[in-house]
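Subject: Handover of a structure

Dear colleague,

Please find the structure below for your review. A short account of the findings follows it.

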Number of protein chains: 2
Amino acid sequence: MAAHLHLPARVGRPIAEIDTPALVIDLDAFERNLDALNRSIAGRDIRVRAHAKTHKCPEIALRQIAAGAVGVCCQKAGEAEAMVEGGVGDVLVSNEVVGGSKLARLARLARRAKVGVCVDDAGNIDAVAAAARSAGVTLDVYVEIDVGARRCGVAPGDAAVALARKLRGSPELRFAGLQAYHGSAQHIRSMTDRRAAIENAAGAVRQTRAALEREGIRCPIVTGAGSGSYMFEIETGAWNEVQPGSYVFMDADYARNEWAAPLPRFEHALFVLSTVMSLPAPGRAMLDAGLKASSVDSGLPSVWHSPGIRYTRPSDEHGVLELDADAPMLHLGQKLLLVPGHCDPTANLHDWYVCVRGGMDQGTVEALWPITARGAGY
Amino acid sequence: MAAHLHLPARVGRPIAEIDTPALVIDLDAFERNLDALNRSIAGRDIRVRAHAKTHKCPEIALRQIAAGAVGVCCQKAGEAEAMVEGGVGDVLVSNEVVGGSKLARLARLARRAKVGVCVDDAGNIDAVAAAARSAGVTLDVYVEIDVGARRCGVAPGDAAVALARKLRGSPELRFAGLQAYHGSAQHIRSMTDRRAAIENAAGAVRQTRAALEREGIRCPIVTGAGSGSYMFEIETGAWNEVQPGSYVFMDADYARNEWAAPLPRFEHALFVLSTVMSLPAPGRAMLDAGLKASSVDSGLPSVWHSPGIRYTRPSDEHGVLELDADAPMLHLGQKLLLVPGHCDPTANLHDWYVCVRGGMDQGTVEALWPITARGAGY
């Protein structure tokens with residue numbers, strides 16, 4: 001049967017019975033992460049638009065919205081479709097969408113939900129407007145500026161103003177503001193350097209807002225900021241909406257960041273449960289979770305609460321563990337929890353979240369949540 | 001809709017209309033790869049058991065079998081299920097399977113197809129036997145020996161004989177031979193060093209066969225060998241079955257190997273089709289294919305037939321292209337083909353192969369093949 005029909009666990013059964021490899025959420029830690037985000041922004045006039053590219057799961061998006069988020073962001077039209085089908089009423093594709101069939105799908109989605117999209121090209125604005133006109137909808141459009149990530153986005157200032165002016169000429173499009181996301185800053189290890197990168201980005205935002213004001217163009221929203229930096233964006237005062245995603249799960253790469261106030265201490269809430277399936281030689285054990293179970297693009301997974309046991313080499317379907325001399329003895333069939341190196345692409349490998357309540361040692365499966373935007377890169 | 005319901009292309013339409021990112025097979029090159037494998041082993045008494053972990057697609061497995069393969073290998077029980085459901089009648093799980101529910105599924109599968117599995121532990125043999133007894137089936141069991149990969153498998157010689165002897169005590173299990181696969185040797189760049197690693201592995205096989213013969217235990221099959229080395233295994237005479245997988249597709253990592261006779265010249269037949277979705281600055285372009293479309297564990301993808309254009313940085317949903325000064329001008333919406341760094345985990349990210357006939361420039365979509373074992377890591 002196809003993977004989305006293979007249920008890795010049963011509700012009400014203990015964690016020990018989960019089939020592996022499985023993607024497991026510690027629900028208690030997950031909920032504490034939602035609370036920690038809210039506490040960190042309490043009393044501030046700031047909107048949270050949680051990033052759904054991290055989890056690709058409407059069940060999680062709805063919980064983020066119940067906790068106060070105005071909606072979610074996505075990176076692809078297919079993700080946005082999955083969110084709207086799952087009951088989310090407000091979705092921003094925080095990315096450019098290029099191509100007639102993709103834009104047609106996105107515009108049709110705006111019949112059922114509030115939908116926004118980013119642009120960084122004048123010709124693309126014409127294509128977005130044509131799609132909106134054809135579907136009979138109005139779209140929120142954000143001009144993306146490059147604030148240091150050197151990915152998408154026009155230069156701050158005049159280039160952004162030119163696109164905003166063009167947007168005002170399309171009745172189907174509403175200039176909603178600026179997308180200003182410094183992705184690569186999220187992983188700058190030092191707090192000082194990370195803050196400096198965001199202060200630099202804030203300069204680019206202020207310059208662009210000033211240029212818009214000189215043209216008499218109101219900029220309702222400045223949106224951006226990830227889990228590793230969002231409090232810095234807020235402190236600059238240049239953003240009024242933040243887009244944290246990884247905060248719900250965290251991962252081994254984020255754990256390597258220096259992490260202190262004003263950022264709250266988020267907890268690891270996402271794990272890959274795996275089984276010891278070979279003990280071929282002293283000091284070495286093999287897990288059933290390799291590249292196809294836990295993404296290694298940002299480093300190897302770490303073994304949760306297992307001193308002396310290191311995940312040292314992935315292959316497609318195996319993970320090699322090296323065991324220190326004083327590590328606890330492992331036995332065949334034993335289950336270990338991995339903290340993924342990078343939560344987003346790891347979630348994209350699985351069809352189900354197995355949600356555990358009561359801790360990762362003795363907890364019980366409370367729910368299975370389908371990862372309905374898994375593979376929705378289109 | 002879920003990703004397996006989103007069809008990225010229509011049969012009969014030109015390649016230019018394929019939605020992106022999409023996994024595309026050049027059918028002409030794919031078929032030439034099947035032929036090249038057959039020509040390389042012509043006149044030799046050797047069985048091909050193609051590795052389905054590469055493609056996870058019964059449509060491809062059936063074509064490999066039609067071309068002469070005795071069946072396929074898989075790495076997981078879930079992959080084996082998908083192959084049998086797709087019409088494959090002979091599947092070897094070239095890996096250990098640990099855990100009662102997985103073994104029960106595997107044993108039930110043996111009611112519908114010839115099924116084999118590997119062992120490297122005496123306790124696991126008892127568990128495999130119990131599952132076979134419970135399902136009322138007989139399983140082929142291979143003892144895996146470590147021939148240098150330092151992954152699973154017992155040491156060559158006496159340890160393997162002890163397991164083979166134990167197998168003979170279980171009427172539900174048939175000792176089918178040795179699994180002897182040197183995975184890491186596949187990627188040794190130099191032909192000389194790669195051949196030396198396999199000659200070393202052959203010594204381990206011969207030592208084990210001799211020890212089995214001393215005990216009067218017949219060893220019908222020695223199976224192993226991947227696309228990067230299988231002609232070396234054949235030349236040693238120690239194997240009578242080979243397990244190439246990547247040969248149907250090849251990838252950018254295999255292309256970095258030194259490659260000469262006796263190995264045939266396989267062609268790139270697998271591509272990630274992607275779209276230029278931002279041209280933010282001179283010398284830089286953004287593709288819509290990042291970590292979630294093309295796996296980077298074995299290096300970045302290369303851009304097919306595009307001198308002066310380099311894929312230099314992936315993020316989750318973006319690929320950064322750097323353009324040399326003399327590179328051809330790109331335009332928004334232009335489609336480019338990427339050769340994945342590593343074909344196996346890349347195939348595991350997608351739900352469909354879009355099969356193109358007539359070349360990657362002007363070809364036509366001939367078929368869509370579902371990747372039914374995508375995500376079947378259980």
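In this predicted model, A:Cys219 counts as buried because it has 20 C-beta neighbours inside 10 Å (buried: 20 or more other C-beta atoms within 10 Å of its own, with C-beta atoms placed from the backbone). A:Cys219 lies in the loop that joins helix 7 (191–214) to strand 8 (221–224) of chain A; helices (H or I, at least four residues) and strands (E, at least two) are DSSP runs, numbered from the N terminus.

Leaving aside residues up to four places away in sequence, A:Cys219 touches A:Gly177, A:Leu178, A:Arg209 and A:Leu212, where contact requires C-beta atoms, placed from the backbone, within 7 Å. A:Gly177 is 42 residues from A:Cys219 in sequence, yet their C-alpha atoms are 4.8 Å apart.

Turning to the two chains, the contact takes 59 residues from chain A and 59 residues from chain B. On the side of chain B that touches chain A, strand 10 of chain B gives the largest share, 5 residues.

The same surface serves both, as 100% of the contact residues of chain B recur in chain A.

Residues are numbered from 1 along each chain as its sequence is written, and chains are lettered from A and ligands numbered from 1 in the order in which they are written. As the model is predicted, local features need pLDDT of at least 70 and side-chain atom pairs count only at pLDDT 80 or more, while totals for chains, interfaces and linings use all residues.

With kind regards

Note on methods:
Buried ≥ 20, exposed ≤ 12 C-beta atoms within 10 Å, placed from the backbone.
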